[in-house]
Amino acid sequence: MSAFRKLLEKSWLVVALVLLWWFASASSTNVFFPPLSVILETLVRDLSSGLLLEYLAFSLTNLGLGLLFAIIIGIGLGLLIGEIRPLRDALDPYVSFARSIPQAALVPLIIGTFGLGPGPKIYTIAFACVFPILLNTIDGVRGIEPTIRRFGKVYRITPARYFRRVVLPGALPQIFAGIRVALPIGITVMVVSELYAANKGVGFYILNSSSTFQMAQTWAGAILVGVVGYFITLIFFRIERLPLRWYFKSGAMAQ
Amino acid sequence: MNTEIIANTTEVRAPATHTAVRVDHVSMAFGEGEQTNRVLADLNLTVDQGEFISIVGPSGVGKTTLLRIFSGLIQPTEGHVYVENERIRQPHPSIGVIFQDYSRSLLPWMTTIDNVAFPLEGRFGKKERRERAEAALESVGLGGQGGKYPWEMSGGMQQRVAIARGLAYEAKILLMDEPFASVDAQTRFSLEDLVSDLQRRLNLTVILVTHDIDEALYLSDRVVVLAGKPASVVTTIDTDFGDHRDQASTKADPRFGEARTRILELLGH
């Protein structure tokens with residue numbers, strides 16, 4: 001009963017909105033707003049034919065690899081910039097400059113430079129995702145208690161060990177916050193990157209259908225991206241609980 | 001020939017072991033030009049091995065700065081610092097620091113025993129580290145509690161963990177910066193007695209910075225009074241309450257009251 005209630009509390013709005021959409025669009029003849037029933041029919045058709053699944057696999061692989069690069073570079077560089085003062089002073093203007101560039105604007109440029117195939121798409125996703133991770137990592141490192149820094153010095157913790165056992169875990173809550181911000185950016189850029197010079201992928205599916213006036217497919221693709229994004233975020237929240245157990249629990253204790 | 005050399009070396013080294021920490025004509029200033037803030041001026045102090053000294057003085061006088069100079073965290077503008085007769089320019093392995101904000105000096109992502117064992121990484125294997133950490137926790141009365149996280153413990157317990165960390169590290173000289181300032185009075189008394197007991201048992205040298213004159217008198221062999229701007233040592237007071245002290249009778253000793261009055265007068269009260 002209470003589990004059912006919980007589910008109801010969480011999902012009533014979604015259900016209501018879907019129903020509203022369903023009935024409001026039921027008799028639509030507008031080519032841009034096909035009935036939801038038609039959209040879902042298209043979605044199921046293209047999923048079961050395997051076409052969308054193949055596209056999705058292609059897109060998500062790009063997203064995964066792009067994110068992976070962003071995480072490695074963002075954390076690695078962030079730890080160094082955050083911890084090493086001269087490096088921070090030297091690189092700060094460039095970081096601020098680069099983060100202000102609208103990433104989507106660079107998509108045609110990167111793809112134009114690096115050509116077709118998944119490579120440039122992965123670079124684009126990595127470039128867009130690296131900034132929230134980098135900036136949050138730097139903040140996380142800067143936020144480590146000065147007393148902990150002094151402890152490390154007095155107890156002569158070697159620099160390598162200090163990075164691995166003190167700076168990295170200390171900055172981890174912020175690093176995860178950065179990845180959380182990077183996720184939706186990555187998903188957006190994943191789609192946008194396939195609007196140029198692509199012959200497969202979810203973004204291509206959306207663009208191709210809309211330019212051939214298959215609006216049901218456009219909507220189906222958009223819904224699919226939304227749903228997949230939602231589940232990726234959900235999975236991420238589950239994953240981050242594990243290494244950050246101390247953080248959530250100590251925060252709960254402090255309250 | 002060989003024995004002669006050995007004999008010679010011991011002779012040279014013998015007096016050396018008696019001095020734990022020495023600062024020699026130390027001055028400290030922060031900033032430059034007109035902004036210069038002179039904190040310490042021509043300060044001299046020698047602390048013997050096994051001695052318990054307290055540094056008292058008005059707040060902002062430079063007690064913590066002096067402690068950081070002892071610890072090798074900062075370098076004095078002028079003068080030299082010696083630890084076990086070695087001139088230091090960085091933290092010395094014999095020195096352990098117990099910080100005032102205990103909750104911020106322990107690593108919240110490590111369990112208590114891992115916190116205590118952490119500075120031993122690279123020096124001992126995993127098993128030995130744990131054994132040493134457990135022994136240290138035992139000696140501060142936290143045996144068997146190593147599995148807890150620091151934030152699951154009370155303030156007093158966390159400060160015990162910080163002390164255990166210094167002991168496991170085999171610090172011979174403990175520098176304590178207002179270590180009991182943020183715990184309640186009861187906890188404070190039991191921590192004072194713990195430190196006093198450990199100091200005697202392990203023959204540690206302790207340098208305690210405190211604003212609490214009673215605490216300084218109760219614990220130390222010698223109380224160093226800092227005053228002035230820039231500050232220097234205005235006087236040192238030997239306490240002679242013996243090795244067996246307790247919170248009630250020692251503090252009721254008339255000599256205790258006299259010493260307290262003297263220090264208060266020196267500090268302009």
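Modeller: Below we go through the two chains, their contact and some single residues. Keep in mind that this is a predicted model.

Biologist: Start with chain B. How many helices and strands does chain B have?

Modeller: Chain B has 10 helices and 10 strands. Its radius of gyration is 19 Å, close to the 18 Å from the globule rule for 269 residues, so chain B is as compact as a globular protein of that length.

Biologist: What box do the C-alpha atoms of chain B fill?

Modeller: Roughly 60 × 50 × 45 Å, along the principal axes.

Biologist: And what share of chain B is buried?

Modeller: Of the 269 residues in chain B, 51% are buried. The accessible surface is about 12300 Å², with 48% belonging to carbon and sulfur atoms.

Biologist: Now chain A. What is its secondary structure?

Modeller: Chain A has 11 helices and 0 strands. The C-alpha trace spans about 75 × 55 × 30 Å along its principal axes.

Biologist: What about burial and surface in chain A?

Modeller: Buried residues are 41% of the 255 in chain A. The chain exposes about 14100 Å², and carbon and sulfur atoms supply 69% of that.

Biologist: Charges next. How many positive and negative side chains does chain A have?

Modeller: Chain A has 22 positive and 11 negative side chains, and the centres of the two sets lie 12 Å apart. Chain B has 28 positive and 37 negative charges, with mean positions 4 Å apart.

Biologist: Which three residues of chain B supply more of its buried area than any other three?

Modeller: B:W109, B:F118 and B:W151. Together they supply 28% of the area that chain B buries against chain A.

Biologist: Is A:P169 buried or exposed?

Modeller: Buried, at 14% relative accessibility. The cut-off for buried is under 20%.

Biologist: How far is A:P169 from A:S193?

Modeller: They are 24 residues apart in sequence and 33 Å apart in space, C-alpha to C-alpha.

Biologist: Back to chain B. Where does B:S105 sit, and what does it contact?

Modeller: B:S105 is in helix α3, residues 102-105. It counts as buried, at 0% relative accessibility. Leaving aside neighbours within four places in sequence, B:S105 contacts A:T147, A:I148 and A:F151 in chain A, plus B:F99 and B:R165 in chain B.

Biologist: Last one, B:E192. Buried or exposed?

Modeller: B:E192 is buried, with a relative accessible area of 1%. It is placed in helix α7 of chain B, residues 185-202. Not counting residues up to four places away in sequence, B:E192 touches B:F180, B:E215, B:Y218, B:L219, B:Q247 and B:K251.

Terms used
Residues numbered from 1 in each chain as written. Chains lettered and ligands numbered in written order. Predicted model: local features only at pLDDT ≥ 70, side-chain atom pairs only at ≥ 80, totals over all residues. Heavy atoms only, no water. Helix = DSSP H or I, 4+ residues; strand = E, 2+ residues; numbered from the N terminus. Rg over C-alpha atoms; globule rule 2.2 N^0.38 Å. Buried < 20%, exposed > 50% of the residue type's maximum accessible area, 1.4 Å probe, protein only. Areas by Shrake-Rupley, 256 points an atom, 1.4 Å probe, with all protein chains shown as cover. Lys, Arg positive; Asp, Glu negative; His and termini not counted. Charge placed at Lys NZ, Arg CZ, Asp CG, Glu CD. Buried area = accessible area lost by both parts, 1.4 Å probe. Contact = heavy atoms within 4.5 Å.
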